[in-house]
Amino acid sequence: MNATGSMGIAGTVRPCCRLLVAQLFPECPCHQRRVAAAAFFFPRCPHDRRRVSKCPRAPALSLAPQRRSAASLVRAALAPARDEAAVSDTRRLSTAAGPVPGVDRAFERIFVQGLAAVEPLVIERVAEKERMLVVEEKRNVEEVEEEQRAEVAKAREVSESEKEAWRLLKNAVVEYCGSPVGTVAATDPAAEALNYDQVFIRDFVPSALAFLLKGETEIVRNFLLYTLQLQSWEKTVDCYSPGQGLMPASFKVRSVPLDVSKDEVEEMLDPDFGESAIGRVAPVDSGLWWIILLRAYGKITGDYTLQERVDVQTGIKLILNLCLSDGFDMFPTLLVTDGSCMIDRRMGIHGHPLEIQALFYCALRCSREMIVVNDGSKSLLRAINNRLSALSFHIREYYWVDMKKINEIYRYKTEEYSQDAINKFNIYPEQIPGWLVDWVPEKGGYFIGNLQPAHMDFRFFSLGNLWAIVSSLATPRQAEGILDLIEEKWDDLVGNMPLKICYPALEYEEWRIITGSDPKNTPWSYHNGGSWPTLLWQFTSACIKMGRPELARKAITIAENQLSNDKWPEYYDTPTGRFIGKQSRLYQTWTIAGFLASKLLLENPEMASILTFEEDLELLEGCACSLIKSPRTQCSRRAAKSHVLH
Ligand code: GLC
């Protein structure tokens with residue numbers, strides 16, 4: 001989190017400019033009207049462009065008010081997409097991508113809880129002579145509905161914690177030009193705001209989910225469209241321009257004086273792409289979350305026209321272009337710097353961290369459903385399929401550890417030079433950490449945190465493992481295994497507050513070397529083994545998908561009263577999550593929203609399908625490898641396939 005405003009507004013002098021300019025020019029061109037010589041070296045000084053997204057005078061984004069009644073949502077969800085023929089086959093054919101099963105029942109249940117107005121189902125008159133029959137039928141339907149409502153209301157009293165959470169979530173809503181566009185990260189009155197008063201893309205996802213499940217869709221639609229506008233921002237870090245498809249980590253609505261009249265102000269959206277963030281971390285996960293949310297919005301509202309818009313399609317493609325572009329990479333996993341996701345500080349997760357890979361896989365699957373098929377998108381869809389297939393193989397095969405695999409690693413031979421190497425990444429068995437030997441249960445397993453040449457990060461990272469389940473990056477057996485492990489290691493991973501962000505903490509020399517002696521990430525605090533209640537909704541989604549909601553229910557019961565009593569902290573400290581985090585904010589929005597989303601998902605488990613994916617057998621069949629027919633070498637993937645397909 002950062003104390004400075006973001007670059008577009010602050011217009012601070014970049015160190016690179018200071019250095020270069022001191023040598024080349026009398027004054028930094030970033031603060032001066034450009035002189036001819038400066039224009040040569042700095043053809044377009046980005047710092048002069050303090051362009052911010054201004055409040056549109058006309059509804060340029062056609063952000064039609066979207067608060068819709070339960071019945072209209074039901075109708076929308078069941079209605080086919082407008083141009084069904086043009087929509088990717090995956091969405092039309094996939095069962096996972098169809099209208100939300102049981103959506104009418106679910107919304108009925110949600111809405112009767114008093115969370116929004118109910119519009120009774122209407123039975124149309126079919127013919128005059130049947131009028132009486134219809135009236136009678138309607139009366140019966142209404143009676144049955146009324147009974148059902150009474151039953152549900154009786155069974156489900158909204159707890160005090162939930163009432164408080166809804167109130168707080170509403171308070172966190174940010175408006176732009178009179179429309180809701182997101183929620184601030186925290187509303188702790190006792191702490192300095194820093195940038196917790198901004199709308200973070202990743203933090204908004206549980207808020208969005210809670211609102212969507214409640215039938216309030218306008219805020220989510222606005223958020224998706226406005227953040228899309230920010231994507232094409234001319235962003236710069238020390239005169240370097242990051243890729244076009246980058247989504248900001250966060251944005252803030254600012255009021256600035258109008259040029260003409262100093263008394264009047266206008267609102268502007270001011271994004272932070274990491275250029276103000278501590279450590280200048282790249283928000284790699286933002287675009288992936290945006291895609292995941294876009295699909296969820298379409299599935300729950302049935303409003304597929306949003307994802308089919310040209311600007312939205314372009315937005316998806318820009319994000320994918322960034323992710324799929326060629327580099328020096330040897331693996332199908334995404335290569336990123338440290339701190340490029342929820343863990344946005346140095347924690348030794350540079351390289352190919354699981355969290356990014358799981359979100360990447362999920363975003364690719366979402367995109368495959370949403371990209372409109374035409375001549376211009378065919379090659380992209382092919383690239384997505386190839387990447388999905390290679391990525392799932394790589395993670396399933398090389399990131400998975402359980403008792404059996406660790407025993408194999410323990411007996412690995414090293415320095416194997418050949419295509420047939422067993423120990424492909426040259427992992428030295430001495431790397432197996434002492435804690436793991438006793439910790440790994442007989443039953444279950446998990447995906448390790450990171451894999452690089454000669455390096456396996458054996459820490460358990462919750463978010464990546466949970467999204468591997470939700471997105472079906474994990475095989476069904478692996479997904480079961482992850483939940484088995486969480487159940488088996490409940491005291492370590494859930495303890496007094498669900499859920500540990502990672503396990504175990506880095507301590508002593510490891511903490512000093514890997515975190516760079518970070519005083520915020522001390523052992524069992526914050527990102528270094530702290531407990532984050534916002535992980536609850538992701539745990540709930542994974543449990544529902546695997547048909548084990550009772551696990552999630554148990555976790556929510558632990559959290560419910562505690563969170564409210566403790567004023568909804570951002571995170572908890574200590575190995576069992578007993579204390580409120582040392583530097584934890586209170587009234588953290590994604591803690592509040594994550595709790596509400598978990599509750600709503602548990603009550604309407606069929607709704608989890610707006611996030612989840614089923615196994616796609618075609619992806620497993622596909623292998624773009626040219627070695628399949630090669631007499632010289634064998635495709636290692638094919639050889640290992642039987643192993644992965646369990
Ligand atoms: C912290 C978290 C990050 C979150 C932000 C806002 O920086 O590490 O994941 O998005 O706070 O809550």
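A salt bridge here is a side-chain nitrogen of Lys or Arg within 4 Å of a carboxyl oxygen of Asp or Glu. By that criterion, the structure holds 21 salt bridges. The model is predicted, so local features need pLDDT of at least 70 and side-chain atom pairs count only at pLDDT 80 or more, whereas totals for chains, interfaces and linings use all residues. Residues are numbered from 1 along each chain as its sequence is written, and side-chain values use heavy atoms, with hydrogens and water left out.

Select K214 and E216 to begin. Their closest N and O atoms are 2.8 Å apart, forming a salt bridge. Both residues are buried (under 20% relative accessible area; exposed is over 50% and partly exposed in between, with a 1.4 Å probe and protein chains only).

Next, select R221 and D303, whose side chains form a salt bridge at 2.9 Å, N to O. R221 lies in helix α10 (residues 218-231) and D303 in the loop between α11 (284-301) and α12 (305-308), so the pair ties together parts 82 residues apart in sequence. Helices are DSSP runs (H or I, at least four residues), numbered from the N terminus. R221 is buried at 8% relative accessible area, and D303 is buried at 12%.

Move on to R396 and E615, a salt bridge with closest N and O atoms 2.7 Å apart. R396 sits in helix α15 (residues 378-399) and E615 in the loop between α24 (589-603) and α25 (617-621), 219 residues apart. R396 is buried, at 4%, while E615 is partly exposed, at 25%.

Finally, select K443, E480, D484, E487 and R548, which are linked in a network of salt bridges.

Note on methods
Helix = DSSP H or I, 4+ residues; strand = E, 2+ residues; numbered from the N terminus.
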